[in-house]
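User: I am new to this structure. Please take a close look at its pockets and tell me what lines them.

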Amino acid sequence: EVAHYLEQPFYKTSLTRVGWLGLFLCSLSATAVIMNSFEHTLEKHIELSYFVPLLAGHGGNTGGQSIGTILSALSSGAIKPKHAGRVIWKEAMAGIMSGFMLGIV
């Protein structure tokens with residue numbers, strides 16, 4: 001809990017984060033494997049590689065907005081863990097819609 005942050009030992013803090021960080025590391029590894037499969041295309045069209053950092057950064061910004069919104073709602077009591085399914089569905093649909101709208105631009 002946020003209220004007990006200072007009382008919680010550092011190793012418990014680490015253990016609560018390591019799962020998400022591991023998931024993030026796996027997703028980055030999958031990205032590297034996928035990019036490697038397009039190496040031949042990237043060699044022919046080097047300009048495509050300029051967009052990779054842009055896409056990675058944009059994904060981080062998007063995730064940060066979702067996390068910030070959800071954490072605020074959790075801390076205010078507007079949503080509860082039992083609403084996880086609805087929250088995931090809403091965030092997924094908002095992400096798809098945002099991607100579609102930005103893709104048009």
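In the second largest pocket, H4 supplies the largest share of the lining, with four residues. This is a predicted model. The space in this pocket comes to about 180 Å³. Its lining consists of Thr69, Ile70, Ala73, Ala78, Ile79, His83, Arg86, Val87, Lys90 and Glu91. Two elements, H3 and H4, each give two or more residues to that lining. By residue type, the lining of the second largest pocket holds five nonpolar, two polar and three charged residues.

Now turn to the largest pocket. Here the space is about 2100 Å³. The lining is made up of 48 residues. Closest to the centre of the pocket are Trp20, Gly63, Gly64, Ser66 and Ile67.

Which elements give two or more residues to this lining? They are helix H1, spanning 10–37, helix H3, spanning 51–76, and helix H4, spanning 84–104. H3 gives the most, with 18 residues. So what kinds of residue line the largest pocket? The lining divides into 25 nonpolar residues, 19 polar and four charged. Gly counts as polar in this tally.

One more detail concerns aromatic rings. How many aromatic pairs does the count give? The count comes to one aromatic pair. Its partners are Phe10 and Tyr11, and their arrangement is edge-to-face. The ring centres lie 6.0 Å apart, with 85 degrees between the planes.

Are these two residues buried or exposed? Phe10 counts as exposed because its relative accessibility is 70%, and the cut-off for exposed is over 50%. Tyr11 has a relative accessible area of 46%, so it is partly exposed.

Terms used. Residues are numbered from 1 along each chain as its sequence is written. This is a predicted model: local features need pLDDT of at least 70, side-chain atom pairs count only at pLDDT 80 or more; totals for chains, interfaces and linings use all residues. Side-chain values use heavy atoms; hydrogens and water are left out. On a 1 Å grid over the protein atoms alone, a cavity is a set of points where a 1.4 Å probe fits but cannot get out, and a pocket is an open set with protein on both sides within 12 Å along at least five of seven lines; lining residues have an atom within 4 Å of a point. Grid points are joined across faces, edges and corners, and a volume is the space filled by probe spheres set on the points. Rings of Phe, Tyr and Trp (its six-membered ring) pair if their centres lie within 6.5 Å; planes under 30 degrees apart count as stacked, over 60 as edge-to-face and the rest as tilted. Buried means under 20% relative accessible area, exposed over 50%, partly exposed in between (1.4 Å probe, protein chains only).
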